[in-house]
Structure formats: structure tokens, C-alpha cells
Amino acid sequence: MGAGPSDLRPAAGCPGPLGRPVAACGMSRLLGGTLERVCKAVLLLCLLHFLVAVILYFDVYAQHLAFFSRFSTRGPVHALHPAASSSTNCSRPNATAPSSGLPEAPSARPGPTAPILPPCPDSPPGLVGRLLIEFTSPMPLERVQRENPSVLLGGRYAPPDCTPAQTVAVIIPFRHREHHLRYWLHYLHPILRRQRLRYGIYVINQHGEDTFNRAKLLNVGFLEALKEDASYDCFIFSDVDLVPMDDRNLYRCGDQPRHFAIAMDKFGFRLPYAGYFGGVSGLSKAQFLRINGFPNEYWGWGGEDDDIFNRISLTGMKISRPDIRIGRYRMIKHDRDKHNEPNPQRFTKIQNTKLTMKRDGIGSVRYQVLEVSRQPLFTNITVDIGRPPSWPPRG
């Protein structure tokens, strides 16, 4: 049978075959299918992004869990101080203690990284200026030790908050002056600390009762201090009975040899003569070697400091001094030591410095170290420096 008129009609919602609405209906179906596919793709991408986020989350969580679990099996003290733990992994030979993730310092010495300190100021801010110096109060060594808790064994000290430009060795020629030494330590340690010095104190004790030889003991002190610490580059040579009255008199070395004790009370706080270089002086390592150190042949009192002055002048250097108001010193009064009588040949020797300085000095010193004792406030070095030659009779 043929189709009736009703069978030839378009579907509901679409116009007849001769009208434009038929094309519009097909286009709308095409767009609807495309939009459906785009939505499915976006949904798939969102699902993939969610899965990646979940995987990353659990991975980071596992790492954090593993990190903190390393500390959960240790006590709190071991976590802060891993080097204090003595436990080791014994599951295999030569095992080491498990790492805590923190840098572990060796138990016998400080950690490998120390804080970098700024340079110490040229003008230390804590200086007092003029000091009251007296020698009447009793001065037991225990008191001096209590007053200086930051001084290390052997009389070593370094500022905790800055780095000094020099390392200073203070050399004291010594014999039978324990009473004077206690006063010297009582005053000088606080002064040197306020001056922000890195320093060590060396008492060079002459053994026996033969004639005293100050300059030779100073040569010994120079050599022995360098044996202990090769970084010493400034040497202060001080008599044990001289105490500075002003801490602005800085115990440092400069471009020229330094004379510190320029105004002693026994000289009326004046320089006794232009060439005087006694009491307390300072030379750098290079300056000391340039003059071949100090003479070894001045046995007894006097002459060696004038010989040193000649050596400095003959090598083209000049003496530097502080202001006379700052370079004031008090001397502990005492009788002249036994076996330190005036040297009868000192004036002749002083006149011949130019002839003797190359052969008599740091390169020719001979001695024997008998004992090195590191005390809480100083290092005592007892030495045998021999005997003086026999002098021809005078007259």
C-alpha cells in the first residue's frame, strides 16, 4: 500500500521538508552531542587531577612521618645532644651510631663550625683610664684566681666577642718574686682583658742562685712562647714589679718598637734619659728577629736595656712611646735582689753593641728547660741559663 499523507509528515517539533527549520533542528542535535563529549572530557580531567593530588598528599605525608619517626625512638636529651649517646648499632662490625639528622660534634673538641667574630675595635670601649694602684692589701693567689675566672690554664685569654689583630705573649724574667707576681697578676689580667687582647703570660724562672741575667731570660721566653703557640706575633717584656697606672696604655705592637714604662714613680714620673728602654717594652716578632733578640752577656744589674736601645737604633728603627700622662707606672718597692749586683762591664759592653749584636743574641742563646708548669693564671718555665764568665779583677 502507498503511504498516506499522514506518513509523509516530519517528526514532531520539526517543520516540513521544504522549510529551513529542518536544518536548524539537525544543527541543535549536533551541538548537543559535542557539548556532552566536552563535559565528559572535563569530568575525566578533574578526576585525574584529583587522583594526582591524592597521590602527592600521601607521598609528602609519608616523608614527614619518616622524618619525625627518627626522633620518636630517642630520648629528648639524645635528640638535642646526639654526641652524648653511647649506643651503637651492633648488627654488623664497625657499626656507627645512627644519625639524628643534626650535625654531630666530636666529644673531645668543639664543633667544626665556630661563629665568625668581628675584629676587635682599635679603641676598646671598656677602658677605665687612670687607675688606683696600691700594694698594701694582702693578695693571696686564690683571690686573684677567683677574680679572673675567664683566664684559661697557663694564663691564656681571648675575647669572646671579637677577634684581636695580634696574639700577644707577655714575658716576665723572674726569680724569688712570688709576692710581686701576685700583685702583677691581680692588676694586669683585668687590664689586658679590658684591652681586648688575645694573650698568654709566661714567667721565665731562672734556676739556681747564680748571677741574674734578665735579657737572656727574655730571649728564652721568646723562644719558649713560640714553641707553645707559633701564632704569637707581639711580645711584651715586663719586669714583675711594674704595674701600669692607666689601662689606655695598650699592650700592643706597632710599626716601631714600643717603650711603655716611660714615667715611673721612682723617677718622679719622668723619662730618666732619652735612650731609656727599661721596665716594660714591646716588639713584634719581626722587629725582635731584626735586632737578633736581646744580648745574652749582661750578667747582673744594668746595661741590657741600653744595649737593646742601641740595637734598635743601629737597625734603622725608632722607639715609639705613649703620652707621658698615660705611660705612668708604679713600682713595688723592694731591696735589690741577691746575686743581681751591678754589672761592672756594662758600660764597656754598651759601647760595643755594633760589634757584638750579630754574634750575641737570639741565635746564640743556650739554656736548658727544667720544668714547664701551667698554672691557672700563668705558665711557669724554669730554666738553667748557665753561669757568668769569670770577670778579670778590677783595678
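Predicted model: local features only at pLDDT ≥ 70, side-chain atom pairs only at ≥ 80, totals over all residues.
How do the residues of the lining of the largest cavity divide into nonpolar, polar and charged? Residues are numbered from 1 along each chain as its sequence is written, and side-chain values use heavy atoms, with hydrogens and water left out.

The lining of the largest cavity divides into five nonpolar residues, one polar and two charged, where Ala, Val, Leu, Ile, Met, Phe, Trp, Tyr, Cys and Pro count as nonpolar, Asp, Glu, Lys and Arg as charged, and the others, Gly among them, as polar. A search of the whole structure finds one cavity of 30 Å³ or more, and the volume of the largest cavity is about 30 Å³. On a 1 Å grid over the protein atoms alone, a cavity is a set of points where a 1.4 Å probe fits but cannot get out, whereas a pocket is an open set with protein on both sides within 12 Å along at least five of seven lines, and lining residues have an atom within 4 Å of a point. Grid points are joined across faces, edges and corners, and a volume is the space filled by probe spheres set on the points. The cavity is lined by Arg-214, Leu-218, Phe-237, Phe-277, Ser-281, Phe-294, Asp-305 and Ile-308. Helix H5 (214-228) and helix H7 (304-314) are the elements that give two or more residues to this lining.

The second largest pocket has a volume of about 170 Å³, and the residues that line this pocket include Cys-120, Asp-122, Gln-166, Arg-196 and Cys-253. Its lining divides into six nonpolar, two polar and three charged residues.

The protein chain as a whole has nine helices and 10 strands, helices (H or I, at least four residues) and strands (E, at least two) being DSSP runs numbered from the N terminus. An open sheet of seven strands, with mixed pairing, has the order E5-E7-E3-E1-E2-E10-E9; its edge strands, E5 (258-259) and E9 (368-374), each pair on one side only. Two strands pair if DSSP finds at least two bridges between them. Within this order, strand E3 (residues 234-238) and strand E7 (residues 280-284) pair in the antiparallel sense over five bridges, and Phe-235 has Leu-283 in E7 as its bridge partner.

Strand E8 (residues 328-331) runs antiparallel to strand E4 (residues 242-244), to which three bridges join it, while with strand E6 (residues 263-264) E8 pairs in the parallel sense over two bridges. Tyr-329 in E8 is the bridge partner of Pro-244, and Tyr-329 is also the bridge partner of Met-264.

Within helix H4 (residues 178-194) lies His-189, which is buried, with a relative accessible area of 1%; buried means under 20% relative accessible area, exposed over 50%, and partly exposed in between (1.4 Å probe, protein chains only). Leaving aside its neighbours within four places in sequence, His-189 is in contact (heavy atoms within 4.5 Å) with Asn-148, Val-151, Gly-155, Trp-184, Tyr-199, Ile-201 and Leu-377. Buried residues make up 39% of the 395 residues in the protein chain, and among contacts between residues at least 6 apart in sequence, 80% join residues at least 24 apart.
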